[in-house]
Every structure is written in structure tokens, then in C-alpha cells.
Amino acid sequence: MIDVPQTITEKILARAGGVDSVRPGQNLPFRPDHMIAYDFPGYTDVMFRQMHEDFGITELAEPERYLVFIDHMLTKGDAKERDIHKVTRDWCEFYGVTLHEAEGIGHQVTAELGYALPGRFLIHFDGHVSGLGAFGALGWGVRRDLLEAWVSGQIYLDVPATVRFDLTGQFRPGVDNRDLIHAIIGRLGADGCAHQVMEFGGPGAESMSIDRRQGLCGMAMFTGAVSAIFNPDRTALDYAAAVARGPYEPVASDPDAEYSSRHTFDLSAIEPQVVLPGSARSANTRGVSELDSTEVTKAFIGSCASGRIEDIRSAAELLRGRRVAESVELNVVPTSAEIHRQAEQEGLLDVLRSAGANIHTSSCDFCFGYQKPLQPGEKCISTGVLNISGRMGSTKSEIYMGSASTVAASALTGKITDPREVMAS
């Protein structure tokens with residue numbers, strides 16, 4: 001048998017498909033290691049009913065492969081919330097599925113609980129599961145096709161091609177993964193990686209922390225990609241060894257693997273970026289200096305992309321000994337309960353509270369406009385994952401997106417501000 005050079009994505013899918021190798025364009029059935037969902041009305045409740053009533057499934061052969069999270073609609077405590085979550089609790093109890101409730105945003109908690117291990121294949125109906133690529137796992141958002149996997153244990157997918165990103169240098173102070181992903185979109189366009197997997201490598205990739213890798217991979221969908229991934233290095237392997245839940249087999253791209261295209265980015269050349277209201281498309285991205293007179297009234301640090309411990313540290317460092325502008329309300333939501341505890345232990349949340357920030361328990365509720373929704377006329381600078389009209393509340397509000405450092409600096413001055421200016425002062 002001739003060995004076929006393969007990317008890490010192709011190797012993971014070949015194992016999941018029970019074949020020696022796969023090539024882009026093939027349509028095959030794959031067996032995910034884990035099939036993930038969060039409860040949300042109109043999605044999981046419908047799939048719960050379909051499994052039982054339409055397919056007659058009354059017992060799961062491998063309930064341990066199912067991961068279900070309650071991380072949305074946690075902040076009002078009303079009857080509607082209780083009814084939504086009761087459906088999920090009852091379903092998980094009936095089928096013997098472990099439910100993770102109010103532990104944080106599921107994309108993060110999946111990693112903390114040791115499911116997102118090198119070489120594993122995980123699916124979710126939410127595309128931000130691509131953040132698990134930070135660990136050398138393949139996380140793929142399959143939308144409502146998740147039902148196929150929940151019912152049959154496998155899912156038919158087209159094998160994607162891979163776009164390679166060779167990263168050099170290191171981020172300068174005040175710049176991070178959020179600025180990189182928007183620089184990539186600015187260069188390649190919002191469909192520059194359409195239907196493909198983004199693979200990050202090179203010395204710049206190795207210099208990035210797990211937090212930065214998760215944030216970068218988690219925004220892959222805004223290039224049109226189906227996922228993103230890092231080859232597991234010592235940083236990822238050490239993390240996996242500390243949290244692993246069961247055996248795993250790391251794999252990596254072959255040196256002569258084929259890519260649809262290759263691009264080089266120097267991390268030291270990246271400038272702070274801000275996305276204008278409307279979408280994450282390339283035409284809407286500007287260098288922060290082009291918007292430094294834009295006033296804001298709200299600021300948000302959180303989400304599955306930018307609420308991890310390094311984001312909170314960056315914000316606290318900028319705000320230490322300072323106060324946010326009286327005209328701005330700053331809300332900080334750690335991505336998980338574990339991150340919240342760590343930030344509390346490090347004294348970071350006390351620094352943010354002293355600066356005037358409001359600290360909230362972990363959930364997705366701020367990011368999709370459920371908790372403290374924006375009002376007409378308000379302008380928010382946010383680390384959320386999306387800024388389409390109405391995403392965080394009123395369709396007559398405006399959402400600008402940037403890194404945690406940019407959000408903190410802007411909250412301090414009351415207008416969009418380059419975090420490097422605050423650092424210099």
C-alpha cells in the first residue's frame with residue numbers, strides 16, 4: 001500500500017471514516033467521537049422530539065458520545081427559561097446523557113472537561129465549535145444535520161480541502177488573535193476559505209497560547225471555512241495530558257501534504273482591527289486609528305471567542321488604577337465558570353470592578369442580545385462573535401467588534417481607542 005501524504009484534517013477524518021486515507025471532495029460517512037449541542041428553542045427541542053417520535057429511538061447505544069450544554073437563556077430566571085431547560089433535562093435523563101448546566105459556554109467547557117483531545121472529531125450544530133482546533137481536534141459545525149448523527153451515530157460529509165496559514169513572528173503588545181482573524185478576512189475576503197479548513201502552522205503559530213489559538217479557530221466561519229485547526233505541539237499536548245478523558249491519538253500533517261493554497265502572515269506586523277457594524281466581511285474592517293473619534297456607550301468583553309483568562313488579563317492590565325468613562329457601561333463575562341474562578345483568584349475581577357466594570361456569570365446571553373439588550377441609538381464595542389443588525393438588541397443600535405484590549409481601551413476613553421495609546425500613557 002502506498003502512503004498518501006495527508007493533512008491533519010484528512011487524517012482525523014480517515015480515522016473517523018474507518019478508511020486508510022481520504023481526499024478532498026469525497027463524500028463519506030464519518031463517526032464523530034462526540035456529538036454536541038446546547039439547548040435552544042426551535043433547535044434541540046425539535047431534534048429531541050424528532051428522535052423519539054419520528055425515529056422511534058428510545059435508547060442510545062453510546063450515550064457517552066452525546067454532549068449537551070445549557071449555556072443560553074440563563075439570566076432571567078422566568079417561567080419560559082425554566083420550561084426550555086426542563087425539556088433538555090428530561091431528555092438527557094431519559095436517554096442517560098450527561099448534561100452540563102451553567103458551567104460556562106459549551107465550546108470552552110468541552111475543552112476543560114477533556115473531550116477536545118488531539119486527533120478527535122467533534123460535531124455541533126454551532127460553527128464556533130471550530131475553536132477546538134486549538135488542541136489538534138477537528139470541531140465542525142453541521143447545523144441541523146446534527147440530527148443525522150444523533151439518530152444514526154454517523155454523518156455523511158464532503159471531505160474539505162485545507163488552506164494553510166504559515167504564521168511568523170509574535171503578537172506585539174495590544175494585538176491578539178482577534179486582530180489576526182480580521183486581518184485574514186481583510187486580505188482574503190469573507191469567503192476566502194469557503195467550504196475548507198484553515199490550518200495554522202509555523203513559528204508564529206507555535207508562539208501562540210492555547211487561549212489565542214481557541215479564539216482564532218473559533219472565528220473561522222467568517223472566512224467561509226467549515227473549521228480551523230493547529231497541529232498539536234507541546235503546548236497542546238501538555239494541555240491534553242492534564243485534562244484527557246479517555247485515550248486519544250494525536251496526528252499531524254505530513255510535510256508534503258497538499259493544500260488548496262498557502263498564505264503567510266507576520267504576527268508582528270498585525271495592527272489592532274475594528275469591524276464596523278453590519279457584518280464581519282472584509283469591507284467592514286478598519287484599522288483602529290481610522291475610527292478613533294467614534295463614540296461608544298456600551299462595551300462588552302466575553303463570548304466563546306474572547307472571554308478567556310488572557311483576554312481578562314489584558315483588559316485588567318489596561319484598566320488597572322483607571323476608571324471607565326462615565327458615558328460607558330462595561331460588562332465582562334468570563335467564558336466559563338472555571339475561568340471566572342481563576343480570574344477571581346488572580347485578583348483580575350477586583351481590578352475590573354474597581355475600574356467600574358460589571359462582572360457577570362458565564363453564559364452566551366450577552367453575545368446574542370438576551371441579557372441587557374442594546375437600546376435604540378446605543379453604540380457598543382464588543383468582543384462578541386457577530387455584529388449584524390439586532391444581534392445584541394435593537395436593530396437601531398450599532399455594534400463594533402475588536403479585541404479585549406481594544407474594548408477595554410475604548411471603555412476607558414468613551415470612544416474607539418487604540419490600546420497601544422493607553423499602554424504608552
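By class, 6 nonpolar, 1 polar and 3 charged residues make up the lining of the largest cavity in this predicted model. The residues concerned are Lys298, Ala299, Phe300, Glu329, Asn331, Phe366, Lys372, Leu374, Cys380 and Met392, and two elements, strand S14 (298–301) and strand S15 (329–332), each give two or more residues to that lining. Strand S14 provides the largest share, with 3 residues. The space in the largest cavity comes to about 50 Å³, and the count of cavities of 30 Å³ or more is 2.

The second largest cavity holds about 40 Å³ of space. Its lining is made up of His107, Gln108, His128, Gly131, Leu132, Gln214, Gly218, Cys304 and Arg308, which by class are 2 nonpolar, 6 polar and 1 charged.

**Domains and their interface**

The protein chain is divided into domain 1, which takes in 8–18 + 31–152 + 161–247 + 259–266, and domain 2, which covers 272–418. A distance of 23 Å separates the C-alpha centres of domain 1 and domain 2, while 36 residues of domain 1 are in contact with 37 residues of domain 2. About 3000 Å² of area is buried between domain 1 and domain 2, and carbon and sulfur atoms give 58% of this area. On the domain 1 side, the residues that lose the most area to domain 2 are Ile105, Arg178 and His182, which together account for 21% of what that side buries.

Side chains of opposite charge can pair when their charged atoms come close. Across the interface of domain 1 and domain 2, the rule finds 2 salt bridges. In the structure as a whole there are 28 salt bridges. Another salt bridge joins the side chains of Lys298 and Glu378, with an N to O distance of 3.2 Å. Lys298 lies in strand S14, whereas Glu378 lies in the loop between strand S16 (358–359) and strand S17 (379–382), so this pair ties together parts that are 80 residues apart in sequence. Lys298 is also one of the residues that line the largest cavity.

**Pockets between the domains**

Rolling a probe the size of a water molecule over the atoms shows where empty space is left.

| Pocket | Volume | Lining by class |
|---|---|---|
| Largest pocket | about 480 Å³ | 13 nonpolar, 5 polar and 5 charged |
| Second largest pocket | about 240 Å³ | 4 nonpolar, 3 polar and 6 charged |

The largest pocket has about 480 Å³ of space. Its lining is formed by 23 residues, and the closest to its centre are Tyr38, His72, Asp126, His128 and Arg391. Among these, His128 also belongs to the lining of the second largest cavity. Domain 1 and domain 2 both give residues to the lining of the largest pocket, so this pocket lies between them.

The second largest pocket is lined by 13 residues, and those that lie nearest its centre are Asp211, Tyr239, Ile309, Ile339 and Gln342. The elements that give two or more residues to the lining of the second largest pocket are helix H4 (106–112), helix H8 (210–217), helix H11 (309–319) and helix H12 (337–345).

How values were computed:
Residues numbered from 1 in each chain as written. Predicted model: local features only at pLDDT ≥ 70, side-chain atom pairs only at ≥ 80, totals over all residues. Heavy atoms only, no water. 1 Å grid on protein atoms, 1.4 Å probe; cavity = no way out; pocket = protein on both sides within 12 Å on 5 of 7 lines; lining within 4 Å. Points joined across faces, edges and corners; volume = space filled by probe spheres on them. Helix = DSSP H or I, 4+ residues; strand = E, 2+ residues; numbered from the N terminus. Nonpolar A, V, L, I, M, F, W, Y, C, P; charged D, E, K, R; others polar. Domains from an automatic or database assignment. Contact = heavy atoms within 4.5 Å. Buried area = accessible area lost by both parts, 1.4 Å probe. Salt bridge = Lys/Arg side-chain N within 4 Å of Asp/Glu carboxyl O.
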